[in-house]
Amino acid sequence: MAASDFSQVGEMRENRRFVRVRPTGLVSRSGKIIINPKMPTIDCGIIDLSAGGACLELDTSAAVPKRFVLLHGGTKKNCSLVWQRGRRLGVTF
């Protein structure tokens with residue numbers, strides 16, 4: 001691994017298509033996962049967002065399907081599950 005792959009604090013830089021940002025200020029840090037309109041929603045926290053996806057943290061260890069709708073700040077986004085580690089999951093829009 002080349003020295004240029006590490007930042008000044010020793011973390012590996014990630015090549016991403018979109019810049020991720022943490023919700024701050026008046027942006028809501030919470031969301032709801034809608035699996036089926038007839039089923040109850042699953043509450044989640046928004047860890048970070050980008051134009052192409054998000055990192056979410058579930059309040060409970062609920063089963064999440066590969067495709068669902070994320071309700072965040074009055075906006076619904078169709079999501080695809082990319083990865084899941086414990087209660088955290090990464091999605092693309």
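1. Setting aside residues up to four places away in sequence, Ala-63 touches Ile-35 and Ile-42. Keep in mind as you look around that this is a predicted model.

2. Where does Ala-63 sit? You'll find Ala-63 in the loop between S3 and S4. Along the sequence, 21 residues separate Ala-63 from Ile-42, while their C-alpha atoms are 9.7 Å apart in space.

3. Is Ala-63 buried or exposed? Its relative accessible area is 68%, and exposed means over 50%, so Ala-63 counts as exposed.

4. Now for the overall layout.

5. On to the inside. The largest nonpolar core has 15 residues, and those touching the most other members are Ile-33, Leu-56, Leu-58, Phe-68, Leu-70, Leu-89 and Val-91. At least two core residues come from each of S2 (42-49), S3 (53-58), S4 (67-72), S5 (75-85) and S6 (88-92). S2 gives the largest share, with four residues.

6. Last, some totals for the protein chain. Of its 93 residues, 30% count as buried. It exposes about 6700 Å², with carbon and sulfur atoms supplying 52% of that. If you take contacts between residues at least 6 apart in sequence, 41% of them join residues at least 24 apart.

Technical notes: Residues numbered from 1 in each chain as written. Predicted model: local features only at pLDDT ≥ 70, side-chain atom pairs only at ≥ 80, totals over all residues. Heavy atoms only, no water. Core = buried A, V, L, I, M, F, W, Y, C linked by side-chain atoms within 4.5 Å. Buried < 20%, exposed > 50% of the residue type's maximum accessible area, 1.4 Å probe, protein only. Contact = heavy atoms within 4.5 Å. Areas by Shrake-Rupley, 256 points an atom, 1.4 Å probe, with all protein chains shown as cover.
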